[in-house]
Each structure stands twice: as structure tokens, then as C-alpha cells.
Amino acid sequence: MTRYICIRDDDANFFTDPAELRKAYGENWGRIPLTLAVIPFVHGSDAKILEPGGLEGLLEWEKSASPEELERYNALHPAGDNEALAKELSGLVREGKVEIAQHGLTHRYASKGPELMNGFVSAEKIQEGRRHLEETFKCRVGVFIPPGNMIDERQTLELKKLKLNMFSSWPVWYPSVRRRALSYIRYPGTVADVLSHRLLGNTSPVRNYCGVKTIHSIIFDAYDDEAAVFALALAELEKTGFTAIATHYRHLLKDGNAGKFAALLRRLGEIEGVKFVTASEYIQKASGK
Ligand SMILES: [Zn+2]
């Protein structure tokens with residue numbers, strides 16, 4: 001029996017040096033298929049959130065920053081303006097070793113946290129980002145990854161309009177009980193999906209969230225423990241035949257994490273019948289289950 005594993009890496013953007021990706025993945029770069037969640041037009045808060053203080057620190061800094069600092073901070077940088085990144089990734093896309101997924105629009109953090117929790121990013125704006133990625137990396141983009149793995153229920157409608165599949169690690173966020181109830185009425189498929197998984201033993205990893213096909217991943221960074229993530233992945237593979245693991249190349253470049261991740265990939269690769277696949281192939285195989 002073939003078992004499918006999808007590896008996902010988030011946050012590549014205009015500022016990403018291809019050498020960082022090569023270093024993070026070592027011998028696996030260009031060998032194991034990788035789904036890269038690329039930010040189309042990155043905003044300054046994507047880097048700022050990583051500084052001590054996190055979101056609260058960022059919001060405080062915004063209040064005290066000078067106009068010049070804010071101008072630099074609010075400038076948006078298209079991924080395609082990084083020619084070295086475009087060249088490296090479009091080559092791997094052509095070889096089928098990298099799938100480009102869309103990671104939000106700007107990855108901007110604001111008072112409610114990640115980008116899609118803060119109001120309305122229209123389908124038109126999402127489509128603009130998607131087109132930019134498609135033109136830059138010469139591919140079709142069919143998978144959307146919400147920044148921070150968080151998406152307000154109201155934003156899922158925009159993904160549905162664009163026929164994008166979603167790849168996340170958390171469920172959709174409902175702003176109120178009323179909104180949840182309304183959403184269940186509008187999308188009875190969500191309720192049918194929950195019932196079939198909870199009561200009827202449905203083990204398909206493809207879920208129906210507000211009419212959007214959604215798959216989930218284990219976040220390696222939450223554990224940084226090769227054995228713990230291996231155990232979680234193995235349990236999913238035994239139950240459903242599928243598992244997905246998400247990480248961030250910037251995280252792999254710290255504290256020996258790249259070595260731990262490589263060891264995890266080695267162990268996963270040794271499981272009988274394992275095939276590493278991109279997110280689109282994963283969704284396609286799992287949808288036919
Ligand atoms: Zn991100």
C-alpha cells in the first residue's frame with residue numbers, strides 16, 4: 001500500500017536567499033518534493049514579528065516608529081523582484097520537485113494577529129497575488145496557506161470563489177456563535193463532513209471547511225523533536241495512509257533544527273510504501289480515497 005507524505009515550508013518571500021533554502025534542506029533540496037508557501041507581496045511585519053516581544057511588541061513599535069521607519073515597514077515587496085529566487089524555484093517547479101503555494105497576500109500582522117484575521121482581503125487581491133506567483137514561477141497555483149494557519153470564516157468564501165484548496169494546521173476561526181451557525185446553514189457540507197468523521201469513521205484527510213477543500217499538517221516547529229513528530233506522522237499514516245508536516249526554512253536554520261528535520265525525513269523515507277508528494281498530488285490522491 002502506498003502511503004503519502006507532503007512536506008510544506010512557509011514564508012519564502014522577496015527577502016529569501018535561495019542559499020538559505022539549500023542550507024535548510026541540504027541533500028533533500030531538489031530531491032524530496034516540497035510545497036513552498038510563498039508570500040506574494042511581503043510586508044515588513046513578517047520579519048518584525050520574529051523579534052522579541054512578538055505581536056504586542058510589534059504593535060507598540062508601530063505606535064512609536066518615525067514616518068520614515070513606517071514607510072519602509074509598510075512597503076510591499078513582490079517575490080518576483082528577487083530574480084535569484086525566481087530562477088532557482090522555477091527550475092525546481094519545472095522538474096516537479098517544488099510546488100508553489102500561495103501564502104496569504106502580504107503576511108501582514110495587525111491587531112487581531114495574522115493577515116486573514118484582520119478584516120477583509122478580497123478575492124480580487126488574493127487573485128492578484130496568485131497571478132504574481134504564477135507569472136514569477138511559471139506554474140499554476142491551486143493551494144492557499146493562511147498565514148499563521150489562521151483564517152476567519154468570512155475569508156474562506158474568497159478562497160471558494162477562486163477555487164483554491166486550503167492547507168492549514170488549525171480549523172477555520174468563527175468570530176461568533178452566530179457566525180458559526182450561519183456558516184453551517186450556508187455550507188451544510190461542513191456539518192456532513194464533521195459528522196462523517198466523528199460518527200461514521202470517515203478517515204479522509206481532505207476536509208470540507210465552508211465549501212473549501214482543506215488538508216492539515218503537523219507543525220514540526222512546535223516540537224523540534226524528531227521522535228515526537230515521527231510518532232505523530234506514523235500514527236496518521238497508519239490510520240489514513242496520509243500525513244503532512246509543515247516547517248519554516250528560517251526555523252530550520254536555527255539551533256541544529258535542519259539536522260533534526262533531515263533525520264526525520266530519513267526515518268519517514270524508510271517506512272514501507274512511502275511516497276513524498278506535493279500538496280496538489282496529496283489532495284488529488286486523498287480526494288479519491
Ligand atoms: Zn507564514
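1. Met166 stands opposite Thr214 in strand 9, and Met166 is also the bridge partner of Phe144. Strand 7 and strand 9 pair in the parallel sense, over 3 bridges; strand 6 and strand 7 run parallel too, joined by 2 bridges. Pairing here takes at least two DSSP bridges between the strands. Helices (H or I, at least four residues) and strands (E, at least two) are DSSP runs, numbered from the N terminus.

2. A word on the source: this is a predicted model, where local features need pLDDT of at least 70, side-chain atom pairs count only at pLDDT 80 or more, and totals for chains, interfaces and linings use all residues. Residues are numbered from 1 along each chain as its sequence is written.

3. Back to strand 7: Asn165 and Phe167 point one way, Met166 and Ser168 the other way, and all are buried. Buried is taken as 20 or more other C-beta atoms within 10 Å of the residue's own, exposed as 12 or fewer, partly exposed as anything in between, with C-beta atoms placed from the backbone. The chain gets from strand 6 to strand 7 through helix 7, and this β-α-β crossover is right-handed. Right-handed is used in this sense: with the strands pointing away from the viewer, the path from the first strand over the helix to the second runs clockwise.

4. Helix 7 (residues 153–161) has Glu153, Gln155, Thr156, Glu158 and Leu159 as its buried residues. What covers them includes helix 6 (123–137), strand 6 (143–144), strand 7, helix 8, strand 8 (207–209) and strand 9 (212–216). After helix 7 comes Lys163, with a positive phi near 55 degrees.

5. Tyr174 sits in the loop between strand 7 (165–168) and helix 8 (177–186). Is Tyr174 buried or partly exposed? Tyr174 counts as partly exposed, because it has 17 C-beta neighbours inside 10 Å. Leaving aside neighbours within four places in sequence, Tyr174 is in contact with Glu153, Arg179, Arg180 and Ser183; contact means C-beta atoms, placed from the backbone, within 7 Å. Tyr174 and Gln284 are 110 residues apart in sequence, and their C-alpha atoms are 28 Å apart.

6. Now helix 13 (residues 279–287), whose buried residues are Ala279, Tyr282, Ile283 and Ala286. They cover an arc of only 95 degrees around the axis, so they are on the same side of helix 13. That arc is taken from the directions from the helix axis to the C-beta atoms. As background, an α-helix has 3.6 residues a turn, so residues three or four places apart point the same way.

7. Tyr282 also belongs to the largest nonpolar core, which has 62 residues. A nonpolar core is a set of buried Ala, Val, Leu, Ile, Met, Phe, Trp, Tyr and Cys residues joined through C-beta atoms within 7 Å. Those with the most contacts inside it are Cys6, Leu36, Val38, Ile100, Ala101, Val143 and Tyr282. Strand 1 (residues 3–12) gives the largest share of this core, 5 residues. Not counting residues up to four places away in sequence, Tyr282 touches Tyr4, Cys6, Ile215, Phe242, Ala244 and Val277.

8. Glu71 lies in helix 4 (residues 67–74) and is exposed, with 11 other C-beta atoms within 10 Å.

9. Overall, the protein has 13 helices and 12 strands, and 41% of its 289 residues count as buried. Among contacts between residues at least 6 apart in sequence, 76% join residues at least 24 apart.

Technical notes:
Two residues are in contact if their C-beta atoms, placed from the backbone, lie within 7 Å.
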